[in-house]
Amino acid sequence: MRRAQYREGDAAQGQGAGLNRFGGANVLIVEDDFIVAFEMQNLLEEQGANVLGPAATLEEARQILASERPELAVLDVNLNGEFVFPLVSDLQQQRIPFLFTTAYADDDRLFPESMQSAPRIAKPVMANVLIAQLKRMLDRD
Amino acid sequence: MIRTEAGDMPSLPTHALRNNRILLAAVAMSFLLLLCSAALMLYVARQGSQADLQVVQTIEIKRAISELSNSMANAESGQRGYLLTHDDAFLEPYRRIRDTFEQKIRRLRTLVESRPAQLARVDELAPVLAGRFGVIEQILQFAEQGHGDQAALLMRTRGRLLMDEILARIDDLDAVESRELIQRQRSAATLRNQFIATVMFMLVACAALALFSLISLRRYVNAIEQNRLRLADYNLELEQRVLERTQELARYAQEADRERQRAESLLTDVNHRVGNNLALVSSFLAMQRRAVKNQFAAQALDAARMRVQAVASAHRKLRLGADFATVKANEVLGAVLDDIAAGLPPGGLIRIECQVEPLDINARDAVSLGVLTSELVVNAIKHAFCPGEAGEIQVVLSHPAGGVPYLEVSDNGVGWHEKELHGDGGRSGEPHADDRQDAQSQDVEGQDDAGLGAKIIDMVARQFGGYPQRSPRDDGGGRSGTRIHIELVRLQLMQPV
């Protein structure tokens, strides 16, 4: 038995509505594909988030982290052949909740032991799934 | 590189075997010869001892003859002595021989009884001796009666004659025996020589055979030793080859393993890129959706994005199979249905029930099956229920034993034939199209999308060698519902790894 998950922020409803679900929360986006990053930025800004980045490399992400403090982070796993995992320890130190967006979502072997429990969202990312997950993480804080 | 031929292996020599046979023959010959020699020696020895026995017998005969001769001579002398002295003591030898001569003759007869000529001579001697004793008796009577001259006359005449005859006969006997003795001694000597010659010959023969056997044995041992050495060489070479081959195989296995790992990592990489590219396409569609103002265009773009999502959901499960060639149907369809459920409008009124058997299917079919299922379920969500209406959609993928696998999507919404009864004339030209309409979406564009969905369902079903068979679900509820059953004749089921 499979129950439809009730998720807020259905794309059709959220579209262009200018809802302020995230109340200006800082969300760091780390994503090497500019188109995907741009669309995600649009989506989150529509929901009232303040997007940091998007950072395309680990270096850029670290520079942002040096000056800003995001409340949430959305991390692409593979940044042009470079894994995002080294950044995770920085985030964990600063207690910033994060989630992975990746085409590897179902491949557990790829993820280090300490990051197995972090939420993963499969690419292509469904808007309502991403928003609902981020909202949960924000509310938990 | 892989050597399988055995042609260059050293062949084992066979002359060792031949040597072995010769050796056996030689030993057998030696034993046979020894046996023959022993028999021959025994025979010759017996002959020799018989010859010796005969020599001894002849000597005995000669002694008996000589004894008889002596006794007679003594009797003669005694008789003369008596005649001269009349002393009775002189007669003693005479009396002794007179009483015992028959016994002596018998003994002689016994000794010569195998030789008739000699026996005849002894038999002739006996009456002469008896006659002689008669004459002596007569002489002695004359002497007692005082006729000394008569006695002396008789003694000189008949006595002498008889005595001469006796001596002649005894001499004759003795001469014969002497000749016999010489002959027998000669034959015994000959036999002894023969015996010695035989022994010598046999000794030489045995020595030759022993020498031959020794040589054969040496050759045999040499051959065995050489064979052993060759075998050892051969084994060494074989071991070397086995070692080389094992190493070669290990190298191949390692290479194959490396290749497999490389292929796997490449495939994982490609799958990842496909996922990212699908994300890119999805993002493009989302951006376009944001850009258009027309509601119908927006709906069309949403539908397109939903289809891309279905492809991506199915694709996501492809890399999980142990061998990349197979994938579990329940995992693929589970991912597709999860993503559809995640995109459902809030309120949670529509349940999607998934009854998919964990069939191992060819990875090639996975995306098509995911798309087909997605279209059927989305179609049911859109058209079976009114907005805000509760409903249930059941997805079944099953492979009945001995039958054809099938996909079945059913809902408890408004039945498609009820729609037909209500008369929607414009759609009758497309028998396969699911032309149900829910009450609130009569717009032309929405119908076009429904038509497109039905076409996609039709095409993918045909790809699997089936077609959608529609029937009412009729599960006793208020509404008849719809059941769409598609037999997947060409769905390739794989052996689980």
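This is a predicted model: local features need pLDDT of at least 70, side-chain atom pairs count only at pLDDT 80 or more; totals for chains, interfaces and linings use all residues.
Me: What kind of peptide bond joins Lys123(A) and Pro124(A)?

Reply: That bond is also described as cis, with an omega of about 0°. Pro124(A), however, is placed in the loop between β8 and α5 (127-140) of chain A. For context, most peptide bonds are trans.

Me: Back to β3, then. What is the strand order of the open sheet in chain A?

Reply: The open sheet has five strands in the order β3-β2-β4-β7-β8 of chain A, and the pairing is parallel. Its edge strands, each pairing on one side only, are β3 (50-55) and β8 (120-122) of chain A. Ignoring direction, neighbouring strands of this sheet are turned by 20° against each other on average.

Me: How many bridges pair β2 with β3(A)?

Reply: Strand β2, residues 26-30 of chain A, pairs with β3(A) over four bridges in the parallel sense. Within that pairing, Asn26(A) has Asn50(A) of β3(A) as its bridge partner.

Me: And which strands does helix α2 of chain A lie across?

Reply: Helix α2 of chain A, residues 34-46, lies across β2, β3 and β4 (72-76) of chain A, and it runs at about 170° to β3(A). One residue in this helix is Leu43(A), which counts as buried because 23 C-beta neighbours lie inside 10 Å. Although Leu43(A) and Ile131(A) are 88 residues apart along the chain, their C-alpha atoms are separated by 8.7 Å.

Me: What about α3(A), which of its residues are buried?

Reply: In helix α3 of chain A, residues 58-67, the buried residues are Ala61(A), Ile64(A) and Leu65(A). Seen down the axis of α3(A), the buried residues fall within an arc of 100°, so they line one face of the helix. They pack against β2, β3 and α4 (85-93) of chain A. The face of α3(A) turned away from this buried side carries Glu59(A), Ala66(A) and Ser67(A), which are exposed.

Me: Switching to backbone torsions: what is phi near for Asn80(A)?

Reply: Phi of Asn80(A) is near 50°, a positive value in a residue other than glycine. Asn80(A) is found in the loop between β5 (78-79) and β6 (82-83) of chain A. Arg95(A) likewise has a positive phi, about 55°, without being a glycine, and it is found in the loop between α4 and β7 (98-102) of chain A. As background, most residues other than glycine have a negative phi.

Me: Is Arg95(A) buried or exposed?

Reply: Arg95(A) is exposed, because it has 7 other C-beta atoms within 10 Å. Asn80(A) counts as exposed too, with 10 C-beta neighbours inside 10 Å; the cut-off behind both calls is 12 or fewer.

Me: Okay, chain B. How many helices and strands are there?

Reply: Chain B has nine helices and seven strands, and 27% of its 497 residues count as buried. For chain A the corresponding description is five helices and eight strands, with 44% of 141 residues buried.

Me: At roughly what angle do the axes of α2 and α3 of chain B cross?

Reply: Helix α2 (residues 92-112) and helix α3 (residues 116-144) of chain B have axes that cross at roughly 170° and come within 9 Å. That crossing angle makes α2(B) roughly antiparallel to α3(B), since angles over 145 degrees count that way.

Me: Which residues of α2(B) meet α3(B)?

Reply: On the α2(B) side they are Tyr94(B), Arg98(B), Phe101(B), Ile105(B), Leu108(B), Arg109(B) and Val112(B), and among the residues they meet in α3(B) are Leu119(B), Val122(B) and Phe133(B). By class, this contact of α2(B) with α3(B) has eleven nonpolar, one polar and two charged residues.

Me: Last one: in what sense do β5 and β7 of chain B pair?

Reply: Strands β5 (residues 406-411) and β7 (residues 482-487) of chain B pair in the antiparallel sense over six bridges, and Val409(B) has Ile484(B) as its bridge partner in β7(B). Strand β6 of chain B, residues 469-471, also pairs with β7(B) in the antiparallel sense, over three bridges, and there Gln469(B) is partnered by His485(B).

Definitions and conventions: Residues are numbered from 1 along each chain as its sequence is written. Chains are lettered from A and ligands numbered from 1 in the order in which they are written. Two strands pair if DSSP finds at least two bridges between them. Helices (H or I, at least four residues) and strands (E, at least two) are DSSP runs, numbered from the N terminus. A residue is buried if 20 or more other C-beta atoms lie within 10 Å of its own, exposed if 12 or fewer, and partly exposed in between; C-beta atoms are placed from the backbone. Axes are lines fitted to C-alpha atoms, for helices over the stretch in contact, and angles run from 0 to 180 degrees between N-to-C directions. Two residues are in contact if their C-beta atoms, placed from the backbone, lie within 7 Å. The arc is that of the directions from the helix axis to the C-beta atoms. Angles under 35 degrees count as roughly parallel, over 145 as roughly antiparallel, 65 to 115 as roughly perpendicular and the rest as oblique. Ala, Val, Leu, Ile, Met, Phe, Trp, Tyr, Cys and Pro count as nonpolar, Asp, Glu, Lys and Arg as charged, and the others, Gly among them, as polar.
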